[in-house]
Amino acid sequence: MNDSELIRVVPSARQLALQKMEFYAFVHFTVNTFTDREWGDGTEDPAVFNPTGLNPDQWVDSIREAGMKGLILTCKHHDGFCLWPSRYTEHSVKNSPCGKDVVKETADACRRGGIRFGVYLSPWDRNQPLYGTGKPYDDYFVNQLTELLTGYGDIFSVWFDGACGEGPNGKKQIYDWERYYRVIRELQPGACIHVCGPDIRWCGNEAGKTRPSEWSVVPRRTMDTEKIASLSQQKDDLSFRLRPIRAQDLDLGSREILKNETDLIWYPAEVNTSIRPGWFWHESENSQVKPLDRLIQIYLNSVGGNATFLLNIPPDRRGLFHEKDVERLREFGDFLRNSFRKNLLEEAERISAPDSEEDHGISCLVPEDDQYYFPLSGLPEIRVSWNSPQRITYAVIREHLPLSQRIEQFEIWADRNGSPECLYRGTTVGNKRIVRLENCLTSSVLLRITDARGTPAIEQIAFY
Ligand code: FUL
């Protein structure tokens with residue numbers, strides 16, 4: 001495929017909305033919290049689920065303070081225990097001393113706190129006797145999905161895990177994914193389906209590792225990597241004739257990789273990791289909350305590297321985020337507030353760039369609504385100058401995604417002691433590229449786009 005075909009691939013409204021959220025929380029909570037395990041086996045007594053001071057408002061306060069815009073709750077993990085009183089199973093909060101509908105309490109807290117709410121529903125169910133029986137289990141699963149997607153207001157995300165094993169009767173289920181997707185589209189058309197789904201791609205690891213060049217336009221068959229890995233059900237899949245794609249591949253979308261592909265999709269990456277070693281709370285991990293530096297690094301590389309960042313914080317046995325996690329989230333929020341407080345571009349004496357159509361001129365670089373800078377042709381060089389030297393720690397660039405992802409390479413130059421110096425050479429930009437600059441004191445910066453798929457459309461440039 002050539003450049004003009006590549007940039008014909010653009011995000012759906014739901015994908016665009018999710019990419020703009022940038023940073024949101026995962027909350028892993030179930031019987032495991034009380035049994036000190038990571039994967040329950042489905043035999044747990046619902047009575048063990050007994051948070052003594054459940055307070056999702058505390059989670060939401062902390063999540064917001066860290067700068068996150070949403071929360072995805074494990075409504076049912078692999079153990080099959082439901083955090084809401086599902087009509088279709090007895091294995092739920094309705095038979096635990098907690099007695100509360102934790103999904104409702106969480107959804108309400110999100111609404112009160114002004115963040116969005118999403119659901120994780122594990123297809124793998126180690127408690128449900130129907131698991132592994134085909135359609136009867138799919139019916140069960142769809143019934144549960146329907147409860148979650150109709151009873152708790154607006155849902156921004158349905159997160160489908162790739163893990164798949166045997167159920168209580170020793171059988172594995174072949175999931176009817178297409179049916180699940182149809183139900184989600186019908187009941188919550190604005191929700192993105194993540195990982196084993198068509199909207200948001202798993203980055204390929206759970207450690208917070210990122211790619212230096214993250215592309216959102218990838219081969220359509222990338223969408224099946226997690227489903228294939230979990231099921232090996234695609235016997236009639238013809239993709240074996242092509243090179244196999246794995247979620248871990250370093251290059252998923254360069255021109256070279258895409259040149260022989262015939263069908264492409266917009267499939268942006270999400271980086272998911274936990275603030276602790278495990279996904280669930282364990283007393284023994286209270287001293288292993290990730291250091292602030294590590295969280296900052298993951299954030300800069302994910303949000304600042306054209307991916308979204310899904311950070312897990314597990315509530316403890318009280319049903320609260322532990323003090324150590326709360327403290328770390330506050331510190332992280334302080335980092336964001338301090339680092340990105342004042343956009344120095346707004347104080348520039350002069351911004352110069354090649355001609356553009358009137359509607360897409362350089363004034364659009366301080367964006368309002370849906371504006372963007374679109375030069376008439378070619379690769380722009382944009383110079384920003386100030387009256388006096390500025391200390392710049394971060395440069396931020398965003399592309400206008402409704403026109404796809406176009407920038408292949410860029411450079412940042414600064415005048416230092418009277419002579420120009422290249423401070424940074426980068427590749428992809430996409431939703432957002434954050435460049436950390438070391439010791440940059442300058443009164444003039446030049447952004448050069450040195451390679452792009454067609455004319456780049458820049459939504460924002462900012463310096464902090
Ligand atoms: C994995 C699961 O097995 C983990 O328990 C966790 O939920 C993680 C986000 O996905 O595949």
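How many Å separate a polar side-chain atom of His 78 from an oxygen atom of the ligand? The views below take up that point and others in this predicted model.

View 1. A polar side-chain atom of His 78 sits 2.8 Å from a ligand oxygen atom. For Trp 39, an N or O atom of the side chain is 3.0 Å from an oxygen atom of the ligand. The ligand taken alone exposes 290 Å², and the protein buries 91% of that area.

View 2. Look for Phe 26, His 28, Trp 39, His 77, His 78 and Tyr 120 among the residues around the ligand. Asp 161, Ala 163, Glu 206, Asn 272 and Trp 279 also belong to this group. By class, the shell holds 5 nonpolar, 4 polar and 2 charged residues.

**View 3. Cavities occur in the protein.** The structure has 2 cavities of 30 Å³ or more.

View 4. Mean pLDDT for the protein is 94. A value of 70 or more is reached by 97% of the residues. Residues 233–238 have pLDDT below 50. Beyond near neighbours in sequence, that stretch makes 5 contacts in the model.

Conventions:
Residues numbered from 1 in each chain as written. Predicted model: local features only at pLDDT ≥ 70, side-chain atom pairs only at ≥ 80, totals over all residues. Heavy atoms only, no water. Near = heavy atom within 4 Å. Polar contact = N/O pair within 3.5 Å; in protein donor to acceptor, adjacent residues only side chain to side chain. Areas by Shrake-Rupley, 256 points an atom, 1.4 Å probe, with all protein chains shown as cover. Nonpolar A, V, L, I, M, F, W, Y, C, P; charged D, E, K, R; others polar. pLDDT = per-residue confidence, 0-100. Contact = heavy atoms within 4.5 Å. 1 Å grid on protein atoms, 1.4 Å probe; cavity = no way out; pocket = protein on both sides within 12 Å on 5 of 7 lines; lining within 4 Å. Points joined across faces, edges and corners; volume = space filled by probe spheres on them.
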